[in-house]
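Please read the following alongside the sequence and the coordinates.

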Amino acid sequence: MKRRILILFWGAVVLGCLAADFTAEGNLWWAHIQFLAGAKLEGRNTGSEGYRQAVEYVATQFERDGLKPAGTSGYLQPVKFETREVVAESSSLALVHGDEVEPLALGADASLNARARLAPALEAPLVFVGYGIRIPEAHYDELEGVNLRGKIAVYVNAAGPVKADANLTSHYSSGVERWATLHHAGAIGFIGIPNPRVQAVPGSPGAPNSPAGANGRGGRGPAQPAVVLADPSLQETEGQSVALTMTRRGADKFFARSGHTYDEILALARENRPLPKFDMNVSLRMQAVVKRDSMEAANVAGALAGSDPQLKNEYVIFSAHLDHLGPGRPGAMDNASGVASVLEVARLMKETGVKPKRSILFLTVTGEEKGELGSRYFAAYPTVPVRQIVADINLDMFLPLYPLKVLEVQGLAESSLGAQIRAAAAELGVAVQTDREPEQNRFIRSDQYSFIRRGVPSLAFKFGYEYGSPEEKIRQAWVRDRYHKAGDNLDQPVDKESAARFDRIIMGLLERVADDPARPQWNADSFFKRFAR
Ligand SMILES: [Zn+2]
């Protein structure tokens, strides 16, 4: 009896030694963040010297971890961008009604969105189109009976009272899809009204600086020029001759002759009620001078070759965005943390000598904060054939702010990857849950969506919480005080050991997906299945 207890005791000690050392691994993970979010890299803005140094750092680590170069130029896949900046002194806006011309203050009354290919000069009537979306599957059509030919559509940047699956709603109310709908109906541009139901944090859907063309979200400060992919076929703003965001100050001027008031519209939108559609009985006159320039920044890709003679030709992508917002915003959690995990998992795979059957492509992308541009470029011009990409496991700001008890998984119910992450998390005693804030549309708001739109099943993650728990408060406080702000720095409380546990779970997930004889499939009832070819 005593002997058996002794054996059990020593067994536990041996197991303990074999198990991961989360303290040490957490410190290695943090060391990457100290470099990437350190003062020297100045917030890793796409195209900046700080970003270039971040690229060099990742490529060096990939090489050290024995990954094969998988870019177009060694580990790098250079991406060409165009920057567009409105020259305020030479640009103007006015409302025109008959002989009346009411000048608008650029910036104060409405801001021009230079992501669009703005016309140098233009005058066109305004039509209010409510929420401005159309969801055929839900028989929901805000544009029914509205004539938009040659006109400018004015809308509230929200989905409205549609009764449809959250993913369906997110998809059709994204900037790209909404514009496709409006453009198809004949509109030559749009004026967006920020969603009053969304807390106006930078980068949230409907926030004042949200660029259309991205998934309705922004993040660039007003002082920075807009950035688009240089490749015109990837710009997704085709036909946008005018793109504006209305401000609270300017709103009453726009509505003055329409027979409706901005306050009336806002009150309805705040309660998510149906909105009227009407001619606004006024035209917008615009002169826009835009300064264009070119810029380059790279994605970084390294491959761990698969061990199975057949399956090694298929790739599991493990991605994270490397860029952030530039000086004054270090981006430690957004997304140095995700890049650090990509690097840690690459190191762990080398150190533990795992031999996954499929190949694993470690990928850090540029331009996420400008509208998922680097991943969209990679998904359009993948360095391995797109049919051979079986999954994208993406990390963007997974927020290890407290112990990891439950993992929030975006895309959990969409594909066979859901069962894989459940199993991988269970191995480390962690439960999984779906998104606690589905209205934030997170599944379509980071780089995984670039892959999803090419048919690739994907997952993304956050540390989870229960409603009403202290963890929920910690996360909300973080979003309020640190998200896209100076406070997302090296001087914030982070649970490094839990981050290391998370890395081990993700490593387990990658191994499972890489070793499964079957490649991941969208669930039969998943909205995203439509993108699979
Ligand atoms: Zn961000």
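Which spacing do the donors of the zinc ion follow along the chain? The spacing is D-x34-E-x114-H, where donors are N, O and S atoms within 2.8 Å of the metal (3.2 Å for Na, K and Ca), and water is not among the atoms, so sites may look incomplete. The pair Asp334 and Glu369 links distant parts of the chain, 35 residues apart: Asp334 is in helix 8 (residues 332-352), and Glu369 is in the loop between strand 16 (359-365) and helix 9 (373-380). Helices (H or I, at least four residues) and strands (E, at least two) are DSSP runs, numbered from the N terminus.

This is a predicted model, in which local features need pLDDT of at least 70 and side-chain atom pairs count only at pLDDT 80 or more, while totals for chains, interfaces and linings use all residues. Residues are numbered from 1 along each chain as its sequence is written, and side-chain values use heavy atoms, with hydrogens and water left out.

The zinc ion is coordinated at 1.9 to 2.5 Å by Asp334 (OD), Glu369 (OE), Glu369 (OE) and His484 (NE2). The angles among the four donor atoms run from 55 to 145 degrees, and the site is irregular. Four donors count as tetrahedral if all angles lie between 85 and 135 degrees; four count as square planar and six as octahedral if opposite donors are over 155 degrees apart and all others between 65 and 115; anything else is irregular. Both Asp334 and Glu369 are buried, that is, under 20% relative accessible area, with exposed meaning over 50% and partly exposed in between (1.4 Å probe, protein chains only). A cis peptide bond, with omega about 0 degrees, joins Asp334 to Asn335, and Asn335 lies in helix 8.

A nonpolar core is a set of buried Ala, Val, Leu, Ile, Met, Phe, Trp, Tyr and Cys residues joined through side-chain atoms within 4.5 Å. The largest one has 80 residues, and those with the most contacts inside it include Phe318, Met333, Phe362 and Ile393. Helix 8 gives this core its largest share, 11 residues. Apart from it lies another core, of 65 residues, among them Leu95, Ile152, Ala288 and Ile444.

Val345 lies in helix 8 and is buried, with a relative accessible area of 0%. Beyond its neighbours within four places in sequence, Val345 is in contact (heavy atoms within 4.5 Å) with Phe318, Phe362, Asp503, Met507 and Leu510. The C-alpha atoms of Val345 and Arg504 are separated by 7.5 Å, although the two are 159 residues apart along the chain.

Leu399 is not a glycine, yet has a positive phi of about 55 degrees; Leu399 sits in the loop between strand 17 (389-395) and strand 18 (406-410) and is buried, with a relative accessible area of 2%. Asn272 has a positive phi near 55 degrees and is partly exposed, at 25% relative accessible area.

Finally, the whole chain. The protein has 13 helices and 20 strands. Buried residues make up 59% of its 533 residues. Of the contacts between residues at least 6 apart in sequence, 82% join residues at least 24 apart.
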